[in-house]
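Subject: Structure handover

Hello,

My notes on it follow below.

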Amino acid sequence: MDFSQYFVYLTISIVASVSVGPSVILAASNGINFGRKKALAGVLGHVFAIFFLAIISATGVGALLLASPIIFQIIKAIGVVYLLYVGIQIIRSKGSWAFQVDASKSPSRFALFRKSFLIAISNPKAIVFFSSLFPQFIATNKPLLPQFLLLASTSLLNAFAFTFGYVLIAYKFKERLLDGINKGWLPKLTGSIFLFFAGALAINR
C-alpha cells in the first residue's frame, strides 16, 4: 500500500468517524449528563466494538455474514431492537437526566462501556464498511498483518478522537443545555433520535 492509497483510506475513515450516528449521540449525551471521565468509558466501548468488527471482517467472517441474508437480517433486527430499547429508556428517564451531582446515582463506567459497545456491535453497517473497504486497500502480494494493523489502527484512532471530541463539545456547552435537560425536552429529543436511527436501520436495505 503506497501513501496515496493510505491517504484515500484515511479520508474515508475520517468522514465515517465524523458522521453522526447512534454511538456519537450516546457519547455526547454521556458527556452532558455524566461528565468527561465517565463518558470516556462509553467512547472506549465504541472503539472496542469497532476493533472487534474489524477483526471479524479481516478474518473473512464478515464476508460470510454478508453472504448469508438470514444471519445479516438477524444482526440487523438485534440492532433495531436495541436502538429502540435505548431510545425508549432515555425518553422515560425523565429526572435522572438532570446533572448528576451524586456519583452514586449515575451509571458505572462499565455500564456506559457496555451500552456503547452493544450499540456499535449491533450495527451491521460497520461489518459492511470493513468487509467492503479492507480488500480495496490491502495488497495480497505483501504481508497482510502489517497492512491490517495500519488500517485498523487508523479507524480506531479516528473513532476515538472524533467520538471523544463530541463528548468534549457537549460537555463544554452543557450549561447552555441545563434548562432543557432539567425540563425534560433534551432526553425526549435524544431518545427520539435513537428511535429515528432504529427506523432508518429497519427500512434500510
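**Helix 3 and its partners**

Helix 3 and helix 8 cross in a right-handed sense. Keep in mind throughout that this is a predicted model.

The pair packs at an angle of about 155°, and the axes are 9 Å apart. Over 145 degrees counts as roughly antiparallel, so helix 3 is roughly antiparallel to helix 8. The contact draws on a list of residues from each side. From helix 3 come Arg 36, Ala 39, Leu 40, Val 43, Leu 44, His 46, Val 47, Ile 50, Phe 51, Ala 54, Ile 55 and Ala 58. Helix 8, residues 144-172, supplies Phe 148, Leu 156, Ala 159, Phe 160, Thr 163, Phe 164, Val 167, Leu 168 and Tyr 171. Sorted by class, the contact of helix 3 with helix 8 has 18 nonpolar residues, two polar and one charged.

Next, helix 2. It covers residues 22-34, and helix 3 covers residues 36-58. Their packing angle is about 165°, with 8 Å between the axes. Helix 2 and helix 3 are therefore roughly antiparallel. The crossing of helix 2 past helix 3 is right-handed. On the helix 2 side, the contact is made by Ser 23, Ala 27, Asn 30, Gly 31 and Phe 34. On the helix 3 side, Lys 38, Ala 39, Val 43 and His 46 take part.

Then helix 6. Helix 3 and helix 6 pack at about 35°, with their axes 7 Å apart. This crossing, of helix 3 and helix 6, is right-handed. Helix 3 brings Lys 37, Lys 38, Ala 39, Ala 41, Gly 42, Leu 44, Gly 45, His 46, Phe 48, Ala 49, Phe 52 and Leu 53 to the contact. Helix 6 brings Arg 109, Leu 112, Phe 113, Ser 116, Phe 117, Ala 120 and Ile 121. For helix 3 with helix 6, the classes come to twelve nonpolar, four polar and three charged.

Ala 39 of helix 3 is in the contact with helix 2, in the one with helix 8 and in the one with helix 6.

**Helix 6 on its own**

Helix 6 runs over residues 109-121, 13 residues in total. From first C-alpha to last it reaches 18 Å, close to the 18 Å expected at 1.5 Å a residue. Which residues of helix 6 are buried? They are Leu 112, Ser 116, Phe 117, Ile 119, Ala 120 and Ile 121.

**Two residues to look up**

Asn 158 sits in helix 8. Is it buried or exposed? Its relative accessibility is 11%, so Asn 158 counts as buried. Beyond its neighbours within four places in sequence, Asn 158 is in contact with Leu 10, Ser 13, Ile 14, Ser 17 and Thr 163. Asn 158 and Val 47 are 111 residues apart in sequence, yet 9.3 Å apart in space, C-alpha to C-alpha.

Ala 200 lies in helix 10, residues 185-203. Ala 200 counts as partly exposed because its relative accessibility is 31%. Ala 200 and Val 80 are 120 residues apart in sequence and 8.9 Å apart in space, again C-alpha to C-alpha.

**The whole chain**

The protein has ten helices and zero strands. Of its 205 residues, 42% are buried. Take the contacts between residues at least 6 apart in sequence: 88% of them join residues at least 24 apart.

Best regards

Note on methods
Residues are numbered from 1 along each chain as its sequence is written. This is a predicted model: local features need pLDDT of at least 70, side-chain atom pairs count only at pLDDT 80 or more; totals for chains, interfaces and linings use all residues. Side-chain values use heavy atoms; hydrogens and water are left out. Axes are lines fitted to C-alpha atoms, for helices over the stretch in contact, and angles run from 0 to 180 degrees between N-to-C directions. Helices (H or I, at least four residues) and strands (E, at least two) are DSSP runs, numbered from the N terminus. Angles under 35 degrees count as roughly parallel, over 145 as roughly antiparallel, 65 to 115 as roughly perpendicular and the rest as oblique. A crossing is left-handed if the near helix is turned anticlockwise from the far one by less than a right angle, and right-handed if clockwise. Contact means heavy atoms within 4.5 Å. Ala, Val, Leu, Ile, Met, Phe, Trp, Tyr, Cys and Pro count as nonpolar, Asp, Glu, Lys and Arg as charged, and the others, Gly among them, as polar. The expected span of a helix is 1.5 Å times one less than its number of residues. Buried means under 20% relative accessible area, exposed over 50%, partly exposed in between (1.4 Å probe, protein chains only).
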